[in-house]
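Please look over the chain below.

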Amino acid sequence: MDYGRLVTRSFEIAWKYKSLWIFGLFAGGGWSNLNFDIPTRKSYSFDTPGLENILDISPEKIVMFAIAVVTVIVVMILLSFISEAALIDSVNRIDRGGRYRFMDAFSTGIDFFLRFLGVFLLGVFTGIVFTAILALAAVIFFKIHTAMGILSLLAIIPLFLLGSFAIFSLIVLTQRVMVVRNVSIGDALEEAYLLFRRNLSKTAIVFLIYIGLAILLGIAAVIIWAIFSIPIAALGLAAHMEPISAFFAALIVGLPVSLVLGGFLGVFFSSLYTLFYFQLVEPKGVAAPQTPPASATV
């Protein structure tokens with residue numbers, strides 16, 4: 001397994017195929033990479049008149065705002081399913097001898113929407129049950145004795161981390177099996193489990209690479225965003241603008257940068273795991289193009 005090649009090739013795909021950034025912006029880890037720093041009283045020594053009136057907002061407006069926020073979150077999650085499937089199909093075509101077209105990728109994303117939704121719900125359910133079991137165990141130990149509860153955390157916390165790693169890895173591998181082989185959720189989950197079990201150390205290494213790069217690239221993205229946005233905010237404050245107004249001015253200037261960075265990073269991280277899946281099923285690197293779904297055939 002050439003991990004350096006996986007990273008390099010993922011960067012190459014993300015940089016060369018810029019139309020994929022639209023999918024990357026919404027795919028898992030893509031739209032969450034938008035970097036916005038909200039100012040607080042701790043970050044400014046200025047008075048912000050009017051903020052004390054927030055509590056005077058009517059309950060109806062609060063409910064409407066909450067509904068709007070939940071709606072946006074749900075729509076973003078649903079778009080992430082379409083975009084992730086589209087990215088997997090695109091990398092499959094690009095890296096294995098096929099022909100990539102944006103609309104074909106989007107069509108594939110639509111076709112796999114329900115299956116991706118099913119995998120997502122399965123993952124959420126599994127994560128909730130797993131977390132609840134560990135939490136219940138911790139509560140029982142703390143009920144017996146505080147010292148036992150503290151000692152139990154030495155085992156429960158590592159178990160939680162290992163379980164999170166397993167659930168995440170199975171989900172991303174299942175997604176790729178579904179799209180590449182066009183199989184059901186059950187068949188994809190079965191193959192993903194076999195790949196995970198037989199390549200546990202490789203999967204762990206890629207997961208650590210993923211986490212490490214997410215931290216490093218996230219920091220780099222924040223720095224780049226700050227380079228464009230902080231001078232605007234500083235100019236606004238120097239011109240005696242309200243802190244909130246200066247923040248929104250910086251936000252508007254930095255928004256295009258955030259969109260580009262979010263799209264690029266979304267494509268990169270999705271490609272990383274797709275290429276990793278190819279290495280697991282083709283350890284010698286033999287390119288064997290898969291037949292795409294009928295609706296996505298060029």
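## The loop between α6 and α7

Asn 182 sits in the loop that joins α6 and α7. This is a predicted model. Asn 182 is not a glycine, yet its phi is positive, at about 55 degrees. Its relative accessibility is 35%.

## Overall make-up

The chain has nine helices and zero strands. Read from the N terminus, the order of elements is α-α-α-α-α-α-α-α-α. The chain has 298 residues, and 38% of them count as buried.

## How α6 and α7 pack

Helix α6 covers residues 146-181. Helix α7 covers residues 185-198. The two pack with their axes 8 Å apart, at an angle of about 125 degrees.

Leu 194 belongs to α7. Its relative accessible area is 26%, so Leu 194 is partly exposed. The C-alpha atom of Leu 194 is 9.7 Å from that of Leu 170. Along the chain, Leu 194 and Leu 170 are 24 residues apart.

## Aromatic pairs

How many aromatic pairs are there? The count comes to 17. Take Phe 165 and Phe 196: their ring centres are 5.6 Å apart, and their planes meet at 50 degrees. An angle between 30 and 60 degrees is neither stacked nor edge-to-face, so this pair is tilted. Phe 165 is in α6 and Phe 196 is in α7, so the contact ties together parts that are 31 residues apart in sequence.

Phe 268 and Phe 269 make another aromatic pair. Their ring centres are 5.0 Å apart, with 70 degrees between the planes. An angle over 60 degrees counts as edge-to-face, so that is the class of this pair. Phe 268 is buried, at 0% relative accessibility. Phe 269 is buried too, at 6% relative accessibility.

## A lysine over a ring

Which residue lies over the face of Trp 15? Lys 18 does, at 4.2 Å from the ring centre.

## The buried face of α4

Helix α4 spans residues 102-111. Its buried residues are Asp 104, Ala 105, Thr 108 and Gly 109. Viewed down the axis of α4, these buried residues fall within an arc of 145 degrees, so they line one face of the helix.

## Gly 118 in α5

Where is Gly 118? Gly 118 is in helix α5, which runs over residues 113-144. Gly 118 has a relative accessible area of 26%, so it is partly exposed.

Gly 118 and Ile 185 are 67 residues apart in sequence. In space, the C-alpha atoms of Gly 118 and Ile 185 are 7.7 Å apart.

Notes
Residues are numbered from 1 along each chain as its sequence is written. This is a predicted model: local features need pLDDT of at least 70, side-chain atom pairs count only at pLDDT 80 or more; totals for chains, interfaces and linings use all residues. Side-chain values use heavy atoms; hydrogens and water are left out. Helices (H or I, at least four residues) and strands (E, at least two) are DSSP runs, numbered from the N terminus. Buried means under 20% relative accessible area, exposed over 50%, partly exposed in between (1.4 Å probe, protein chains only). The arc is that of the directions from the helix axis to the C-beta atoms. Rings of Phe, Tyr and Trp (its six-membered ring) pair if their centres lie within 6.5 Å; planes under 30 degrees apart count as stacked, over 60 as edge-to-face and the rest as tilted. A charge sits over a ring if NZ of Lys or CZ of Arg is within 6 Å of the ring centre and within 35 degrees of the ring normal. Axes are lines fitted to C-alpha atoms, for helices over the stretch in contact, and angles run from 0 to 180 degrees between N-to-C directions.
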